Amino acid sequence: MKFGDFVSIDAIRAQLAADDKESAIREMIGALLEAGSIASGEVESIVKAIMKREELGSTGIGRGVAVPHTKHPSVQRLVGTVAVSSEGIDFNSLDGERVQLFFLLISPPDRPGDHLRALENISRQLRDDSFCKFLKQAKSPSDIRQLLDEADNNGFAS
Amino acid sequence: MAEDAVFRTVVVNNPQGLHARPADLFVKLASQYQATIEVIKDGERVDGKSILAILTLAAVQGTQLRIEANGPDAGAALEAIADLFQRDFEVNGIVE
């Protein structure tokens with residue numbers, strides 16, 4: 001599953017204003033709402049579900065990357081966004097490092113395979129150091145979009 | 001294969017597959033052992049102590065994985081990992 005299959009282009013954010021975990025998640029959910037990818041009545045419920053998942057164990061999986069996610073019945077297909085924080089955010093990540101790259105995923109409860117394949121794509125691309133580095137340096141949503149497109153077109157695939 | 005290398009085949013039974021949380025539990029467990037631990041799916045071999053590496057396998061329910069351990073505590077590591085799969089990654093009564 002490529003980035004283009006689940007990343008909501010208009011919800012990509014290059015410079016997160018948030019400085020803690022919950023506000024970062026709220027900012028990304030807000031971006032998905034503005035992009036029309038989720039319904040306004042579902043925002044609180046989605047934020048709560050993602051925070052609840054974080055309580056089980058941080059989705060900050062190391063190398064400055066986090067994949068906050070949840071299943072949610074309000075979405076018909078996997079939706080997601082990508083955000084970058086140049087400063088990094090304390091996310092209680094597994095390796096203790098601040099998180100600069102966020103891949104947020106919301107999936108329909110009955111599609112665990114799609115979620116796994118999105119995680120597969122994200123983790124595969126992140127093995128490429130230059131992809132990670134360029135993403136962290138992205139200054140605008142179009143920079144990010146371009147990097148995701150290149151990754152989708154095998155620019156970074158190993 | 002060196003003398004201390006052992007392997008075992010396990011099956012992913014939980015309906016959600018080997019997603020982020022089970023991968024985290026796997027890596028935390030594997031990292032408690034000195035032995036190197038590798039996970040092999042359809043010939044693709046990844047480091048069992050890296051969550052990013054395990055997520056690249058996208059192991060859905062029913063996937064067979066070969067776990068290879070190599071080192072002084074390889075046997076114990078494999079036992080513990082096989083047990084984690086047997087329990088479907090159940091921790092503190094919560095099935096992940």
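Helices, of at least four residues, and strands, of at least two, are DSSP runs numbered from the N terminus. In this predicted model, Gly17(B) is found in the loop that lies between strand S1 (5-11) and helix H1 (20-30) of chain B. A residue is buried if 20 or more other C-beta atoms lie within 10 Å of its own, and Gly17(B), with 22 C-beta neighbours inside 10 Å, therefore counts as buried.

Leaving aside residues up to four places away in sequence, Gly17(B) touches Val12(B), Ala59(B), Val60(B) and Gln61(B), and also Pro112(A) and Leu116(A). Gly17(B) and Ala58(B), which are 41 residues apart in sequence, are 7.7 Å apart in space, C-alpha to C-alpha.

## The contact between the chains

Across the two chains, 19 residues of chain A are in contact with 13 residues of chain B. On the side of chain A that touches chain B, strand S1 (60-62) and helix H4 (112-126) of chain A each supply at least two residues, and the largest share, ten residues, comes from H4(A). By class, the residues on this side of chain A divide into eight nonpolar, six polar and five charged.

## Two helices within chain A

Within chain A, the axes of helix H2 (residues 21-34) and helix H3 (residues 43-56) come within 10 Å and cross at roughly 140 degrees, and H2(A) and H3(A) are therefore oblique to each other. The crossing of H2(A) and H3(A) is right-handed.

The residues that meet include Ile25(A), Ile29(A) and Leu33(A) in H2(A), and Val43(A), Ile46(A) and Ile50(A) in H3(A). Taken by class, the contact of H2(A) with H3(A) has eight nonpolar, no polar and four charged residues.

Notes
Residues numbered from 1 in each chain as written. Chains lettered and ligands numbered in written order. Predicted model: local features only at pLDDT ≥ 70, side-chain atom pairs only at ≥ 80, totals over all residues. Contact = placed C-beta atoms within 7 Å. Nonpolar A, V, L, I, M, F, W, Y, C, P; charged D, E, K, R; others polar. Axes fitted to C-alpha atoms, helices over the stretch in contact; angles between N-to-C directions. Parallel < 35°, antiparallel > 145°, perpendicular 65-115°, else oblique. Left-handed = near helix turned anticlockwise from the far one by under 90°. Buried ≥ 20, exposed ≤ 12 C-beta atoms within 10 Å, placed from the backbone.
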